[in-house]
Amino acid sequence: MNPALWMPLSMVPTGRSVLLRRVQAGHGLTSRLAALGLLPGVRVHVCRNDRSGPVVLGVAGSRLMLGHGMAQKMYVEDGEAEV
Amino acid sequence: MKKRITMALAGNPNSGKTTLFNSMTGSRQHVGNYPGVTVEKKEGRCRHGETEINVVDLPGTYSLTAYSIEEVVARNFIIDEKPDVVVDVIDASNLERNLYLAVQLMELGVPVVLAFNMSDVARSRGLEFDLEMLSSLLGAPIVPTVGHKGTGIEELLDAAVRVAESGTRPKPPEIHYGKDIEKAIGAVRRRLEEQVKFADDIEARWTVVKLLENDSEVAKRIQSPEIHKEVEDEQARIEKVLGDSAEMIIADRRYGFISGACQEAVRSTVETRHTRSDRVDEIVIHRVWGLPIFLGLMYLVFWLTFTVGTPPMEWIEGLFGWLGETVAGWWPAGSESVLRSLLVDGIIGGVGGVIIFLPNILLLFLAIAILEDSGYMARAAFMMDRLMHKIGLHGKSFIPMLTGFGCSIPAIMATRTLENRRDRLTTMLVIPLVSCGARLPIYALIIPAFFPAAWRAPMLWTIYVIGIVLAIVCAKILRSTLFKGESVPFVMELPPYRLPTLKGVLIHMWERAGLYLKKAGTIILGVSVILWAMTSFPKTETTEAGLSPEAQQAAELSNTVAGRIGHAMEPVIKPLGFDWRIGTAMIGAFAAKEVFVAQMGIVYSVGEADEESEPLRDQLKANYSPLVGFCIMLFMLISAPCMATIVVTKRESNSWKWALFQLGGLTLLAYVVTLIVYQVGSALGIGLGG
């Protein structure tokens, strides 16, 4: 785990798998995202990212759509490097 | 002996819960609202052996936090109503996330039965379950089901009845949250138990865990500032030691427990749940093709709504016409009976005017139900998100606004899909600006009266565009003033595409249409009678000789309450270029926009008028300038939506405040915009005509 290598999820190109490291969200929303399977340590597949507009993610068997603003507040690490 | 039990159905959205509910209860369903909130409460009945089961379909949720109304409603139902058993419907092909809700239900200490739904799909996709082992690890019976085929339902009800009748409180699996969290739980609990008495161990632990999770609902119930201080201290300590919020760690431990259980009892050979859906999505939300497909589907929806809907509308019109004539026939010809007029013009005419839209509404809801059940609606929200984001709303608001072109009533009802109240109110309040179908007759009357053929289509287009632009501007303004707040983070599941079942689609359609009918029978009936009275009383006693029947009718209308209000309004609406006749017609238009045309026909004594009426157009042309014609359209576009819209806004927002705000705000906006257009137009000499 090296925070220097983290980047916002919104910057990850389509087709890449990454590890979710940090979720910057207010109270309540954190729990909500966790209930959807988005919490640190989870592997996330970026199914679609057009660099603006919403991002489509593959998380544990489901597809989630995330607003662009939300994707900017989630920090990830390249999944190939370390599990 | 017959027994009765209450069974609650819980589960994630898209887990097939509703299909299972429909299979269990069939048509024995009842839809209402939970008190105080606009969350639908669906109940049904079914019999299983000697047991009568009352099935409550809780709203679909991902967890039991206090994040959305649905979650609070589901949780409060379980806590307050104490159902005998909770059946948690689980999408077996997406096990871990679905079990997250199950674990939270177990933490509440309610008797839970797990329905592993779509188990056939899960198996065919390479998932193998050791149900016996999983059941003992999770401490709850598990029954595999296939909702749309109805398999496993008997076994599920067997298990549910058995659990409900055993009467013992289940022992939920103890989830160990780790040393630091457990220490915090212990500390807060000791402090809490000094002040509050709990029914048992489970309730006490649950309350403490919720406090540590920052649950706003539970926190509200605990008054003591001491406790809150203690909770904050413990949270700060946890964050310092573990580097993450308590909320996050607790969620993480729950998942840890789930994946521990799954690792032992589930074997997955391949992950394929989404491959087919993904392939469809490659086309459906394609960067280039996505939008044309979306627009094409929307066109299809409107085509279906308005083309297929026309013949049944004519039948209904015929039926009400026949009904009116039959009732009128009870009195001798030429009778001036007030009762007759009330029955024929007020009640039958008024309610008929609303029921006539039922085919449209049914078809529109049918189309929406198909789009929703198939999973397309989520994709539409995806594609519209970028556009809607610019006005401070998100993708989900788009569908209701689009529906508004047909009719504001179903559009406002469709805002139910929006979770956030600010988004929902904003969308609801601006929907009437999207020009609905009932306003079309007004434009169809006025445009040809004042404008040459070449101008007609652009003029109609302009009116619609003005509506759209105003809706966007108003949404933006509302979102940055009254409903200020950070743009709500947009997270939504894209469910796999599924073939909708006929039964499910028809039930969805009927739920909505039933609400519409109920409204037509109650409040609209009442308001129709009031408007009828306003345009009928007081009666003109003396008949002036030499007047044609039409002129007589016009004189009578002028003397009624509505006519008098029209006269009284004249000084106010004069700056808009309107006279008392237009004012009177506008009052009628409050019942339903298209009534404006008929009312204008009466005040200009041309008899029965519709939007094709040439004598009425000649009268308009003789009395008003094109600028006034344009101003009429503008005012009718923006001003007070019809009474049915106001009533629905009241019902959906759960307060008269917002309904009246909508009424007043839009009328004021209409006044200001029309005033500016008329005054500037007059000053510049545009459209004054010859």
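Student: Which way do strand 3 and strand 4 of chain A run, and how many bridges join them?

Tutor: Strand 3 (residues 43-49) and strand 4 (residues 55-59) of chain A run antiparallel, joined by four bridges. Strands here are DSSP E runs of at least two residues, helices are H or I runs of at least four, and both are numbered from the N terminus. Two strands pair if DSSP finds at least two bridges between them. This is a predicted model: local features need pLDDT of at least 70, side-chain atom pairs count only at pLDDT 80 or more, and totals for chains, interfaces and linings use all residues. Residues are numbered from 1 along each chain as its sequence is written, with chains lettered from A and ligands numbered from 1 in the order in which they are written.

Student: What stands opposite A:His45?

Tutor: That's A:Gly58, in strand 4 of chain A.

Student: And what order do the strands of the open sheet take?

Tutor: Seven strands line up as 1(A)-6(A)-2(A)-3(A)-4(A)-5(A)-10(B), with antiparallel pairing. Strand 1 (7-8) of chain A and strand 10 of chain B are the edges, each pairing on one side only.

Student: How many bridges link strand 5 of chain A to strand 10 of chain B?

Tutor: Four, in the antiparallel sense. B:Glu493 of strand 10 is the bridge partner of A:Leu64.

Student: New topic: how many residues does each chain put into the contact?

Tutor: Chain B gives 35 residues and chain A gives 28, where contact means C-beta atoms, placed from the backbone, within 7 Å.

Student: Which helix of chain B gives the most?

Tutor: Helix 11 of chain B, with five residues on the side that touches chain A.

Conventions:
Contact = placed C-beta atoms within 7 Å.
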